Amino acid sequence: MDRYFTYKQYLQQRYGHPVYRVGVDAGFSCPNRDASRRGGCIYCDSFGASAAYQRGSEGDPGYIPLSCRSLEDRLEAVSQQIDTGIAFLRQRYRPEGFSLYLQAFSNTFAPLEELKQIYSHALGRYPFTEFILSTRPDCIDEAVADLLLQYRSQVSDLWVELGLQSASNETLEFIRRGHAAEAFSEACVLLRSRGIKISFHSILGLPGEGPAQRRETAEFITREHPEALKIHNLHIPVETDLQAMYLSGEAVTAAVPRHIEQTAQLLISVPGDIVIQRIVCDTPAHRLCAPKGFAPKGQVIQMLSKYLEEHDLWQGKALGWPRSDTGGRNQAYEYLR
Ligand code: SF4
């Protein structure tokens with residue numbers, strides 16, 4: 001039995017079968033990458049997050065990021081990515097459902113009309129189960145939240161993934177997030193009041209962070225209580241300021257045992273009904289400086305389960321959540337519905 005609320009378990013409870021994400025780069029950018037903001041987060045490379053099956057040409061010489069192309073080109077690229085993604089996933093998994101996942105950069109950072117055209121186009125391409133998009137908290141305002149709400153009835157669930165990374169404002173400043181933790185809380189109010197579900201991203205092992213900052217982040221997550229959480233180990237992408245820090249010894253990456261220990265500590269310190277959507281980062285090899293040779297995801301999951309078992313730990317234990325995954329999580333399921 002899982003000692004934390006896995007994404008697989010959540011999807012099974014919610015839909016009765018797995019639902020696969022079709023990751024799409026819709027050509028958005030990010031306000032934090034402007035020169036005026038000193039080029040973005042210290043770990044941001046020029047590609048943004050993407051699904052493995054959509055990375056075909058990004059390393060090619062002459063590659064032009066989608067954000068530099070016309071809206072027509074972007075809409076065409078969105079259609080192609082959806083078709084490619086669905087074909088790939090069908091061949092591999094025999095899925096019964098797909099979610100549209102606008103993944104790269106800040107997917108609410110554009111004029112409302114442009115957002116509308118892209119969302120409507122993408123959602124019109126296939127009867128998706130969920131609509132999930134990643135963005136920054138400072139790219140959510142009343143108008144954007146209202147626009148998102150318009151798509152609520154087209155899908156079973158509408159999710160916004162927000163990059164928290166750390167709740168320590170000192171760390172956020174150091175990594176140049178360009179917003180404080182308070183902006184995060186404000187975005188959560190706007191989304192939650194419209195019934196939009198929220199997933200937080202958190203990075204373990206950021207430079208300068210120790211037990212006090214990790215505790216602060218766990219307390220923030222508990223207070224804000226998102227429906228889901230993605231936990232990442234620190235990755236050092238190539239050609240980033242973080243890489244320069246790493247090469248000069250100012251930043252380090254965790255080995256697997258340390259990441260597992262810190263992940264377990266975070267898990268026991270957050271509510272047991274938060275869906276854990278991820279426990280390791282996933283940067284493509286050609287964009288990754290460090291860590292090299294980290295265990296594959298499946299192995300890390302197994303090692304985490306073993307660690308939790310051996311130390312008799314479970315999600316929410318430090319907050320008094322019960323060990324059983326039939327009580328609190330079923331209530332969570334009702335809530336999530
Ligand atoms: S918020 Fe994301 S896209 Fe924007 S600068 Fe930071 S890592 Fe890059």
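Tutor: Start with the term strand: helices and strands are DSSP runs, a strand being E over at least two residues, and they are numbered from the N terminus. Val160 is found in strand S4. Keep in mind that this is a predicted model.

Student: Why is Val160 called buried?

Tutor: A residue is buried if 20 or more other C-beta atoms lie within 10 Å of its own. Val160 has 27 other C-beta atoms within 10 Å, so Val160 is buried.

Student: Which residues does Val160 touch, leaving out those up to four places away in sequence?

Tutor: A contact needs C-beta atoms within 7 Å. By that criterion Val160 touches Leu133, Thr135, Leu191, Ile196 and Ile198.

Student: What makes S4 largely enclosed by the rest of the structure?

Tutor: S4 is called largely enclosed because eight of its nine residues are buried. Gln165 is also in strand S4. Gln165 has 24 C-beta neighbours inside 10 Å and therefore counts as buried.

Student: What is noted about phi of Gln165?

Tutor: Phi of Gln165 is near 70°, a positive value in a residue other than glycine. The place of Arg94 is in the loop between helix H2 (71–93) and S2.

Student: What makes strand S3 mostly covered?

Tutor: Six of the six residues of strand S3 (residues 130–135) are buried. Glu130, Ile132 and Ser134 point one way, Phe131, Leu133 and Thr135 point the other way, and all are buried.

Student: Where is Arg136, and what makes it buried?

Tutor: Arg136 is found in the loop between S3 and helix H4 (142–149). The threshold for buried is 20. Arg136 has 23 C-beta neighbours inside 10 Å, so Arg136 counts as buried. Arg136 touches Cys30, Asn32, Ser106, Gly163 and His179, not counting residues up to four places away in sequence.

Student: Which residues come nearest to the ligand?

Tutor: Of the eleven residues around the ligand, Cys30, Asn32, Gly40, Cys41 and Cys44 come nearest. By class, the shell has four nonpolar, five polar and two charged residues.

Student: What is the strand order of the open sheet?

Tutor: The seven strands have the order S1-S2-S3-S4-S5-S6-S8, with parallel pairing. Strand S1 (20–24) and strand S8 (275–278) are the edge strands, as each pairs on one side only. Neighbouring strands are turned by 25° against each other on average, direction ignored.

Student: How do you know that S5 and S6 pair?

Tutor: At least two bridges are needed, and six join strand S5 (residues 197–204) to strand S6 (residues 228–233). Phe200 stands opposite Leu229 in S6. Leu229 is one of the residues with the most contacts inside the largest nonpolar core, which has 79 residues.

Student: What lies across S4 and S5?

Tutor: Helix H6 (residues 181–192) lies across both, running at about 175° to S4.

Student: What makes the bond between Ala290 and Pro291 cis?

Tutor: Omega is about 0° for the peptide bond that joins Ala290 and Pro291. Pro291 lies in the loop between strand S9 (288–290) and helix H10 (297–310).

Key
Residues numbered from 1 in each chain as written. Predicted model: local features only at pLDDT ≥ 70, side-chain atom pairs only at ≥ 80, totals over all residues. Core = buried A, V, L, I, M, F, W, Y, C linked by C-beta atoms within 7 Å. Buried ≥ 20, exposed ≤ 12 C-beta atoms within 10 Å, placed from the backbone. Helix = DSSP H or I, 4+ residues; strand = E, 2+ residues; numbered from the N terminus. Axes fitted to C-alpha atoms, helices over the stretch in contact; angles between N-to-C directions. Contact = placed C-beta atoms within 7 Å. Near = placed C-beta within 6 Å. Nonpolar A, V, L, I, M, F, W, Y, C, P; charged D, E, K, R; others polar.
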